[in-house]
Amino acid sequence: MGIISAESMLNKAFQNGYAVGQFNINNLEWTKAILLVAEELKSPVILGVSEGAGKYMTGYKTVVAMVNAMIESLNISVPVAVHLDHGTYEGAKKALDAGFKSIMFDGSHYPIAENIEKTKELVAICKKMGVSIEAEVGAIGGEEDGVTGNGELADPEECKTIASLGVSILAAGIGNIHGKYPANWKGLNFEVLRAIKAKVNETPLVLHGGSGIPDHMVKEAISLGVAKINVNTECQVVFAEATRKYIEAGKDLESKGFDPRKLLAPGTEAIKQVVREKMILFGSVNQA
Ligand code: 13P
């Protein structure tokens, strides 16, 4: 079938009280690992592509071609979306031109009037093209691809305004942070999440910074309308750890252990395990 819009998989998740994982990809190994686990667990899946990762993979067209070809060659039957993660206004247009069927426009760093204006324009374009669109209110804390947010708590009224523009899904800051959570992190702010949910009503919400949030908080967030959870750092950390272990054990020096297909195998397996655990936690298993 090839890549699709994320709209129907996320509406289904929202209505049935589970969340679909967005796992960010960086290369072929990442993509293959995530697709294979999604198929194994019969789970819908979203492959997140940041602008930096898109550039690294030589452009959005390469990403679309790679994922579509892999869906065919690996016989992937579950719904797969490729989603631009934290897209700029220009980046969103480029991703649409390259065939993305799902994008995020992150206008959270603009004054709200400008965020509204740009989101509105992109919503109109996406609606015409049958593409799902995520918008953001209240920057997500931490650092991602050089973009730094301060971990704001989103204003529920602003969430209502942006949601009413017709976005498919809405990312709202509720104390979540990209990257590793500091030891003194206060946790997700469910009071704010409840207030946002009451205002946006039927718009599914997105939880960014999905790495390292305690399981009970993830479940509570899902019960309050979160239907998409983004995970990146955890996959990166386990990939690096497994690769380091392989090298520190001197495996690359044994026989043909330097072959990249062998060298990258432990890291790839480690990513698979994280994806499995998250899909089970998010409740998306057997929901394809
Ligand atoms: P983490 O890297 O913290 O998992 O966050 C991922 C994310 O939110 C991508 O948008």
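Which residues does Val206 touch, not counting residues up to four places away in sequence?

## Val206 and its surroundings

Val206 touches Glu134, Ile169, Leu170, Ala171, Val226, Lys228 and Asn230; contact here requires C-beta atoms, placed from the backbone, to lie within 7 Å. The model is a predicted one, in which local features need pLDDT of at least 70, side-chain atom pairs count only at pLDDT 80 or more, and totals for chains, interfaces and linings use all residues. Residue numbers start from 1 along each chain as its sequence is written.

Val206 belongs to strand S9 (residues 205–207). Helices (H or I, at least four residues) and strands (E, at least two) are DSSP runs, numbered from the N terminus. With 28 other C-beta atoms within 10 Å, Val206 is buried. For that label, 20 or more other C-beta atoms must lie within 10 Å of the residue's own, against 12 or fewer for exposed and in between for partly exposed, with C-beta atoms placed from the backbone.

## Around the ligand

The ligand is surrounded by 15 residues, and the closest are His208, Ser211, Asn230, Asn232 and Thr233. A residue is near if its C-beta atom, placed from the backbone, lies within 6 Å. Strand S3 (80–87), strand S10 (226–231) and helix H10 (233–248) each give two or more residues to this shell.

By type, the shell holds one nonpolar, twelve polar and two charged residues. Here Ala, Val, Leu, Ile, Met, Phe, Trp, Tyr, Cys and Pro count as nonpolar, Asp, Glu, Lys and Arg as charged, and the others, Gly among them, as polar.

## Helix H7 and its partners

Pro156, Cys159, Ile162 and Ala163 are the buried residues in helix H7 (residues 156–163). Viewed down the axis of H7, they fall within an arc of 120°, so they line one face of the helix; the arc is that of the directions from the helix axis to the C-beta atoms. These buried residues pack against helix H6 (112–129), strand S5 (132–137), strand S8 (169–172) and helix H8 (190–200).

The axes of H7 and H8 come within 8 Å and cross at roughly 35°. Axes are lines fitted to C-alpha atoms, for helices over the stretch in contact, and angles run from 0 to 180 degrees between N-to-C directions. The residues of this contact divide into six nonpolar, no polar and three charged.

## Helices H10 and H12

H10 also meets helix H12 (residues 265–282): their axes come within 8 Å and cross at roughly 145°. Residues of H10 including Val238, Phe239 and Ala242 meet Pro266, Gly267, Ala270, Ile271 and Val274 in H12. Nine nonpolar, two polar and three charged residues make up this contact.

Terms used: Contact = placed C-beta atoms within 7 Å.
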